[in-house]
Amino acid sequence: MPIADTAGAQAYRRGVRTQQRRRPAPWQWVWYAFGGRLPRELAPWVLADTTARTWWLRHLARAFVQMLPLVLVCLLAVPVPFAYRVSAALGGLVIGMLFSAAFMTEATEHRVAKAGYPAGTAADVREERAERDRLERRSPYRQGGAGSFD
């Protein structure tokens, strides 16, 4: 005999979103990429942005956007041969990305704190997800009462 499900549970099983996830407008994202604060109603998006599985790629994309104006000025406005401009722009981009990668965790925690969350929230969320993933990877070996979590 089937058990009556709620409409929300049925929608979840069908993969239908029951809540709209609000994202920043493109101009807001550029402002956010340059270190600006987003409106309070976008705080859940900031947390999701800094704790998604691809959070480190998102951080590097924001860093690239931050460096893009300087790279373009180097390529287009400096009066030296083009080969020098390209090498200077690429060298600056590589060094900037390395510097950004070195302080990736701190920068994302600062973004989350600016969104109104306590310091350390992003790291805690990522660690909880990693722990869930570890348990899920081991779960095929623990079905039917096999094994122990002790």
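Colleague: Let's begin with F64. In which helix is F64 found?

Modeller: This is a predicted model, so keep that in mind as we go. Reading along its helices, F64 is found in helix α4.

Colleague: Is F64 buried, partly exposed or exposed?

Modeller: Buried means under 20% relative accessible area and exposed means over 50%, with partly exposed in between. F64 has 35% relative accessibility, so F64 counts as partly exposed.

Colleague: Which residues form a nonpolar patch on the surface with F64?

Modeller: The patch has about 370 Å² of accessible area together. Besides F64, its members are L68, L72 and L76.

Colleague: Let's look at the whole protein. How many helices and strands does the protein have?

Modeller: Read along the sequence, the pattern is α-α-α-α-α-α-α. That comes to 7 helices and 0 strands.

Colleague: What share of the residues in the protein is buried?

Modeller: The protein has 150 residues. A residue is counted as buried when its relative accessible area is under 20%. Buried residues make up 26%.

Colleague: Now to α5. What distance does α5 reach from its first C-alpha to its last?

Modeller: Helix α5 has 21 residues. At 1.5 Å a residue, 30 Å is expected, and the model comes close to that. The reach of α5 is 30 Å.

Colleague: Why are the buried residues of α5 on the same side?

Modeller: The buried residues in α5 are R85, A89, L93, G96 and S100. An α-helix has 3.6 residues a turn, so residues three or four places apart point the same way.

Colleague: What covers the buried residues of α5?

Modeller: On the other side of α5, A83, Y84, I95, L98, F99 and A102 are exposed. The cover over the buried residues includes α4 and α6.

Colleague: Which residues does S100 touch, not counting residues up to four places away in sequence?

Modeller: S100 has its place in helix α5. With a relative accessible area of 12%, S100 is buried. Leaving out residues up to four places away in sequence, S100 touches H59 and A63.

Colleague: One more helix, α7. Which helices do the buried residues of α7 pack against?

Modeller: The buried residues of α7 are T121, A122, R126, R129 and D133. They cover an arc of only 135 degrees around the axis, which puts them on the same side of α7. These buried residues pack against α3, α4 and α6.

Methods. Residues numbered from 1 in each chain as written. Predicted model: local features only at pLDDT ≥ 70, side-chain atom pairs only at ≥ 80, totals over all residues. Heavy atoms only, no water. Buried < 20%, exposed > 50% of the residue type's maximum accessible area, 1.4 Å probe, protein only. Helix = DSSP H or I, 4+ residues; strand = E, 2+ residues; numbered from the N terminus. Arc of directions from axis to C-beta. Contact = heavy atoms within 4.5 Å. Patch = residues over 30% accessible without salt bridge, like charges linked within 9 Å, V, L, I, M, F, W, Y side chains within 5 Å. Areas by Shrake-Rupley, 256 points an atom, 1.4 Å probe, with all protein chains shown as cover. Salt bridge = Lys/Arg side-chain N within 4 Å of Asp/Glu carboxyl O. Expected span 1.5 Å × (residues − 1).
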